[in-house]
Amino acid sequence: MTRVIYPGTFDPITRGHEDVVRRAAGLFGDVVVAVAESRRDTLFTLKERVEMAQEVFANFANVQVEGFNDLLMNYVQKKEARVVLRGLRAVSDFEFEFQMAGMNRSLQPEVETVFLTPAEKYTFISASMVREIARFGGDVSKFVSPSVAEKLKDRKPT
């Protein structure tokens, strides 16, 4: 069984993230959504982001959600995984992700990075754009699950 780690801050988790995980769940035996502690300010705490992702993926038998606060390659090694999953929305994502994959390969040569793209209808969605829409009271229901939309209503970004 191949375990894949899908890391991110997921602040908040979007329909694009969900789509990438759904695709990965069909390709890999075990998908770990690894919610990263962030050095920058986040709208939601690590605990809240983990809980939101757990709600979103509750019906996925082979998906688990965990928070982590470590170098990604150390976390991957602890989880005994051999694959890191990254989502690509647009060409603009590629340069950074390609550089990160190279650095990760340098740290752990036996770990592969796999890129998946979300469905076309989700390629324009980013967590930062969702936060901005929510900040001004816009409707984010097309971009996030209902439970995440409620949490965004309860906590307007500043």
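F94, F98 and F115 come together as one aromatic cluster. The model is predicted. Across the structure there are six aromatic pairs. One of them joins F57 and F60 in an edge-to-face arrangement.

| Residue | Relative accessible area | Class |
|---|---|---|
| F57 | 3% | buried |
| F60 | 25% | partly exposed |

Why do the classes read this way? Buried means under 20% relative accessible area, and partly exposed lies between that and 50%. F57, at 3%, is therefore buried. F60, at 25%, therefore counts as partly exposed.

Five strands build an open sheet, and their order is 3-2-1-4-5. The pairing is parallel. Which strands stand at the edges? They are strand 3, residues 63-68, and strand 5, residues 112-116. Each has a single partner strand, so one side of each lacks a neighbour in the sheet. On average, neighbouring strands here are turned by 30° against each other, direction ignored.

How many bridges join strand 4 to strand 5? There are five, and the two strands run parallel. Strand 4 covers residues 83-87. One of the contacts can be named by residue: L85 has V114 in strand 5 as its bridge partner.

Note on methods. Residues numbered from 1 in each chain as written. Predicted model: local features only at pLDDT ≥ 70, side-chain atom pairs only at ≥ 80, totals over all residues. Heavy atoms only, no water. Pairing = 2+ DSSP bridges. Helix = DSSP H or I, 4+ residues; strand = E, 2+ residues; numbered from the N terminus. Axes fitted to C-alpha atoms, helices over the stretch in contact; angles between N-to-C directions. Phe/Tyr/Trp six-rings, centres within 6.5 Å; stacked < 30°, edge-to-face > 60°. Buried < 20%, exposed > 50% of the residue type's maximum accessible area, 1.4 Å probe, protein only.
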